[in-house]
Amino acid sequence: MVVLICLSDDARAFSQSDDMDHKFHEQADQAVRDVLREVLGLDSKRAEALRPDSPLFGALPELDSMAVAGLLTELEDRLGIVIDDDDVDAEMLETFGALTAFAARKLAA
Amino acid sequence: VTPITLKFGASASRQLLILPALFEEANRMRRFTVQLMRALEMHDIGSTLVDLPGQGEDSNALADVTVADWQQAVDAVAATLTKPLSTVAIRGGALLDRHSDRRWRLAPDTGARLLRDLVRATAMSSGSSASELDTKLRMGPIRLAGNLISPTLYTELLEADLKGDARTPDLSGKKLWRSAEPDDDPALVDAALADIREWLEACGA
């Protein structure tokens, strides 16, 4: 009996944390799309068409380092997160999916 | 030396002093700023934009410029306008409106936050870390995202806070100061114009 209760508690805890991860991911996804639209002047259609593997920094010529700096500041403001300068590297900026996953991790932290 | 200025509506009864955005944002906001000044003139509101030392058309080297020089330039132009002094500050321009009687600010920010963007951008393109750059910036002039900044300007800006009461509307429109490519937004100009007119009416000007 005790075991059963424990199991169901564990299962509930797991599904709650799964829900939270999903929520953070959705929130990060929308914020990254919005900020890219602002910084790059993308129209809504192009911003909505971004996929996890869509390349960002390095592939988009308009996304220079100054634009990336502004993009990170905007993400911080929108999501209420703090991005440590040491966290910023080419990998997290490589694709839309990588940047979204990074922002979602910061939200969960 | 008298600062270079751009004037619209010199004969209008109401006059505003416009304080431009700083560094790269000055370029991004130049078009918006001039569009706003033209729109104000259509409503019989004159305005004067200061070119800060080391920025825009001004011939001083930015490396020799301090915040005190910027403030002095602003004060010199302010002295040519009738009191009470009403200022419209764009972004970091709000760090220079402390001697103003009535303040309107578009998306103001502290010196530390403005520098953070420049340091981050430089860290990404140079391979130095942000903390390494901070150390170097305190020792001698360093080029940050294209701007040669002296230790004096750097430390002054780190401390530079927004002072005094101001009207800071949350206008809907593009955040042009973040835009990677030169852009404009007539809706933001209209929103700013409407809010400035309302502010001037409320001030009884």
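**View 1. A salt bridge joins B:Arg178 and A:Glu74.** The side chains of these two residues meet at 2.9 Å, N to O, where a salt bridge is a side-chain nitrogen of Lys or Arg within 4 Å of a carboxyl oxygen of Asp or Glu. Between chain B and chain A the count is five salt bridges. This is a predicted model, in which local features need pLDDT of at least 70 and side-chain atom pairs count only at pLDDT 80 or more, while totals for chains, interfaces and linings use all residues. Residues are numbered from 1 along each chain as its sequence is written, chains are lettered from A and ligands numbered from 1 in the order in which they are written, and side-chain values use heavy atoms, with hydrogens and water left out.

**View 2. Chain B and chain A bury about 1800 Å² between them.** Of this buried area (the accessible area, with a 1.4 Å probe, that two parts lose on being put together, summed over both), 54% lies on carbon and sulfur atoms. In chain B, the residues that lose the most area to chain A are B:Arg120, B:Met124 and B:Arg178, together 36% of what that side buries.

**View 3. Helix 3 (residues 111–126) and helix 5 (residues 151–159) of chain B cross at roughly 130°.** Their axes, which are lines fitted to C-alpha atoms over the stretch in contact, with angles running from 0 to 180 degrees between N-to-C directions, come within 6 Å. Helices here are DSSP runs (H or I, at least four residues), numbered from the N terminus. The contact (heavy atoms within 4.5 Å) is made by B:Gly111, B:Ala112, B:Leu115 and B:Val119 of helix 3 with B:Tyr154, B:Leu157 and B:Leu158 of helix 5.

Methods
Helix = DSSP H or I, 4+ residues; strand = E, 2+ residues; numbered from the N terminus.
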